Amino acid sequence: GSLILVVVLFSILTKGNIFSAYNLKTLVGQISSLLIMACGLLFVFACGSFDIASGSVAGLCSLIMVLIANKTGQLWIGIIVSILLSMILYFLQCFISVKLKLVTTIGSLAIMFSSRGVITYVCSLSDGVVHIDDYSMISNLKSNWVLQLVITILVVLITGFLFNYTKIGKQARAIGDNPISARQSGANVNGIRYFAYVLAGLLVGIASIFLMARSGSIGKSIGSGMEMDIMIAIILGGMNLNGGSKSKMSAAVIGSITYRLLSNGMTM
């Protein structure tokens with residue numbers, strides 16, 4: 001309902017310009033990174049866990065991508081390293097929670113501050129901004145909105161299948177409702193949590209590619225606030241961040257599109 005309202009409202013207020021060919025391409029770029037991250041973090045929230053490090057991790061991955069591309073002249077090496085780094089950082093988040101028995105917010109804060117600290121320090125060595133030396137390495141990626149759309153749709157379909165039709169999604173929701181009952185019912189509680197965090201790390205790493213390609217330069221504030229954008233998007237989609245049985249993939253999809261349409265429409 002909220003998505004339909006936003007579409008109708010801004011169609012009228014912008015006299016249809018919000019759905020011009022140029023603006024639709026812009027919207028694809030804006031929605032893709034948010035939606036991809038939201039699809040991964042949905043699993044984390046469904047388990048009853050919490051994350052506020054996604055923006056900082058995505059920013060750090062974008063920075064590492066540019067640094068490696070500048071050093072080696074090969075963007076694909078930077079992409080692989082960045083995705084692996086994101087998965088490791090999210091694994092560490094879960095490890096801190098599971099092994100040290102701390103609330104998930106503590107591990108998330110640790111990763112967030114560490115990642116943001118590295119970004120700030122490295123950028124301060126380059127007058128506040130780190131540029132990619134060979135812009136041609138990302139020009140095709142930035143302009144190819146069809147590729148971004150295809151990758152985003154594939155992510156939605158794959159994560160949607162995992163969340164709705166496999167034991168992983170069902171057990172994640174059960175853990176969010178009551179981890180003790182889920183364990184007694186045969187769910188591998190810690191295993192599902194690790195999977196949720198590593199999957200979130202994978203998708204945050206993929207989203208960082210689009211985040212980096214949009215500007216081609218890394219500033220101290222890159223990725224800042226994206227974790228809040230994800231939470232707002234999921235809430236707009238109709239899901240409670242406490243997770244459990246009411247978690248739904250549609251919240252990530254509808255919420256992300258609604259939120260970006262709101263931002264874009266208000267700007268116009």
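**Basis of the entries.** I am reading a predicted model, in which local features need pLDDT of at least 70 and side-chain atom pairs count only at pLDDT 80 or more, while totals for chains, interfaces and linings use all residues. Residues are numbered from 1 along each chain as its sequence is written, and side-chain values use heavy atoms, with hydrogens and water left out.

**The chain as a whole.** I recorded 12 helices and two strands. Along the sequence I read the pattern α-α-α-α-α-β-α-α-α-α-α-β-α-α. For 268 residues a compact globule would have a radius of gyration near 18 Å, and the chain has 19 Å, which agrees; the radius is taken over C-alpha atoms, and the globule rule is 2.2 Å times the number of residues to the power 0.38. The C-alpha trace spans about 55 × 45 × 25 Å along its principal axes.

**α11 with α12.** I checked the axes of α11 (residues 226-236) and α12 (residues 249-267), which come within 7 Å and cross at roughly 115 degrees. Axes are lines fitted to C-alpha atoms, for helices over the stretch in contact, with angles from 0 to 180 degrees between N-to-C directions. The two helices are therefore roughly perpendicular (65 to 115 degrees; under 35 is roughly parallel, over 145 roughly antiparallel, the rest oblique). Their crossing is right-handed (the near helix turned clockwise from the far one by less than a right angle; anticlockwise is left-handed). In contact, meaning heavy atoms within 4.5 Å, I found Met226 and Asp229 among the α11 residues, and Tyr259 and Arg260 among those of α12. The contact has nine nonpolar, three polar and two charged residues (Ala, Val, Leu, Ile, Met, Phe, Trp, Tyr, Cys and Pro are nonpolar, Asp, Glu, Lys and Arg charged, the others, Gly among them, polar).

**α1 with α12.** I found that the axes of α1 (residues 2-13) and α12 come within 9 Å and cross at roughly 25 degrees. The pair is therefore roughly parallel, and the crossing is left-handed. Ser2, Leu3, Val6, Val7 and Phe10 of α1 meet α12 residues including Ile254 and Met266.

**α2 with α11.** I found the axes of α2 (residues 21-46) and α11 within 10 Å, crossing at roughly 75 degrees. That makes α2 roughly perpendicular to α11. Met37 and Phe45 are among the α2 residues that meet α11, where Met226 and Asp229 are among the partners.

Terms used
Helix = DSSP H or I, 4+ residues; strand = E, 2+ residues; numbered from the N terminus.
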